[in-house]
Amino acid sequence: MKFGIIRERKTPPDRRVVLSPKACQKVLETYPAAEIVAEPSPIRVFKDEEYREAGIEVASKMEECDVLFGVKEVPIDALIPDKKYFFFSHTIKKQPYNRKLLQAILKKNIELYDHEVITDRKGIRLVAFGRYAGIVGAYNGFRAYGLKSDLYQLPKASELADQQALIGQLSALQLPNIKVLLTGKGRVGNGAREMLEGMGLTEVGVDAYLNETFDEAVYCQIDVDEYNLRKDSTPGNMHDFFDHPGDYRSNFMRFARVTDLYMACHFYAAGAPYLYTRQDAKQPDFNIRVVADISCDVDGPVASTLRASTIADPIYGYHAQNETEVGFKDPDAIAVMAVDNLPAELPRDASRGFGATFIQSVIPAFFNDDADGVLQRARMTQHGRLTERYAYLQDYVDEG
């Protein structure tokens, strides 16, 4: 089995990689039948020489490989026919901008395995960059707060080496007694929590957060059962919410009245109530001045997120009364940080973390006959057709 690590070609460039040099070494040590070739890359966070020093061949030989590993979408003209590819295709939700990509994959008889649908038997994702989205997003949230309030300035996350460097910057801050709210307790939310803990921020419970005043900055991490209520006023729970999201209404405004910096790390499902609407944001007691929308659901549950922002220009302003985008320094603006590829700002750490889970969850499937069905569940295309699991995309493919 010959694996190829492809050069990332999407613009803007992404420096992450599925397997670091050390990860490649571990694969080769564990599976003697494996071979790995890294395609030369001028942008990859791990330099070509680092792969060579690890004993990995660096060569333009992707045509000779059986399986090709990438991170972002591969440009259509760079797709090699009749190969197996792993990358984030951003097609499973019928994203219009990648329709032509999926059409080309089928035409070129490519077997596509999307990282986003690599799951266990219960449907739980096995590989993801979510933790690093939370890590970088939390840092960016505090950076945005400093710029909005003119209290301090932090360097961009992309200018720092690793997570510890980010924590070092945050730990040095002298924050006022602000309240920081964190929604979500999955990979993303817990990644953000790592940063708040690392910088020494005090955590408080829901009642204290809502009703007490503190002499220091504090944070509260909440989940869906704490910002949603059943419409019929009967007791609800998380399982019921996930099964019947339409039976619930948001109870988020009680948090919005006391929060200064809000970090959105939750998973949002279709049919669930919005956390706060545009009307909510117009209320005189809506207190949030900075939003780090790490989940980045555009025009969705966090009403101030009008669009995704970029690493180069990460912050914009939302004028609640006019429902328009303005400069984030505008006195009436909510500052919004909504970068949708946050892990790319911490490429070395993110690549190492992703590679560790990929080796644990995916690589064994190539040598054990896919005993756990990992490859079968993630295989979107085969023999020039959509697989049964992804047949729902046929009308998407047929359009345009």
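Which residue lies over the face of Phe-129, and at what distance from the ring centre? Arg-16 does, at 4.3 Å from the ring centre. The model discussed here is predicted.

## Charges over rings

Besides the placement of Arg-16 over Phe-129, a lysine sits over a tyrosine ring: the charged end of Lys-179 is 5.4 Å from the centre of the ring of Tyr-209.

## Aromatic pairs

A pair of aromatic rings is described by the distance of the centres and the angle of the planes. With centres within 6.5 Å as the criterion, the count comes to 24 aromatic pairs. One of them joins Phe-86 and Phe-358, with 5.8 Å from centre to centre and 85 degrees between the planes. Because planes over 60 degrees apart count as edge-to-face, this pair is edge-to-face.

## Helix H3 and its surroundings

Helix H3 covers residues 99-107, and its buried residues are Arg-99, Leu-101, Leu-102, Ala-104, Ile-105 and Leu-106. These buried residues pack against strands E5, E6 (111-114), E17 (381-382) and E18 (385-386), and against helix H14 (394-398). Just after H3, Asn-109 has a positive phi of about 55 degrees.

Strand E17 contains Gln-382. Gln-382 has a relative accessible area of 25% and is therefore partly exposed. Leaving aside residues up to four places away in sequence, Gln-382 touches Glu-111 and Thr-387. The C-alpha atoms of Gln-382 and Tyr-152 are separated by 53 Å, and the two residues are 230 apart along the chain.

## Helix packing around H5

Two packed helices are described by the angle between their axes and the distance between the axes. Helix H5 (residues 163-171) and helix H6 (residues 187-198) have axes that come within 9 Å and cross at roughly 50 degrees, so H5 and H6 are oblique to each other. The crossing of H5 and H6 is right-handed. On the H5 side the contact is made by Gln-163, Leu-166, Ile-167, Leu-170 and Ser-171, and on the H6 side by Glu-194, Met-195 and Gly-198.

The axes of helix H4 (residues 130-149) and H5 come within 10 Å and cross at roughly 25 degrees. H4 and H5 are therefore roughly parallel to each other, and their crossing is left-handed. Arg-131, Ile-135, Tyr-139 and Phe-142 of H4 meet Gln-163, Leu-166, Gln-169 and Leu-170 of H5 in this contact.

## Backbone exceptions

Most residues other than glycine have a negative phi, and most peptide bonds are trans. The bond joining Thr-11 and Pro-12 is a cis peptide bond, with omega about 0 degrees. Pro-12 is in the loop between strand E1 (2-5) and helix H1 (21-30).

The loop between E5 and H3 holds His-90 and Lys-94. His-90 has a positive phi near 50 degrees, and Lys-94 has a positive phi of about 60 degrees. Lys-94 counts as partly exposed because its relative accessibility is 30%.

Key:
Residues are numbered from 1 along each chain as its sequence is written. This is a predicted model: local features need pLDDT of at least 70, side-chain atom pairs count only at pLDDT 80 or more; totals for chains, interfaces and linings use all residues. Side-chain values use heavy atoms; hydrogens and water are left out. Rings of Phe, Tyr and Trp (its six-membered ring) pair if their centres lie within 6.5 Å; planes under 30 degrees apart count as stacked, over 60 as edge-to-face and the rest as tilted. A charge sits over a ring if NZ of Lys or CZ of Arg is within 6 Å of the ring centre and within 35 degrees of the ring normal. Buried means under 20% relative accessible area, exposed over 50%, partly exposed in between (1.4 Å probe, protein chains only). Helices (H or I, at least four residues) and strands (E, at least two) are DSSP runs, numbered from the N terminus. Contact means heavy atoms within 4.5 Å. Axes are lines fitted to C-alpha atoms, for helices over the stretch in contact, and angles run from 0 to 180 degrees between N-to-C directions. Angles under 35 degrees count as roughly parallel, over 145 as roughly antiparallel, 65 to 115 as roughly perpendicular and the rest as oblique. A crossing is left-handed if the near helix is turned anticlockwise from the far one by less than a right angle, and right-handed if clockwise.
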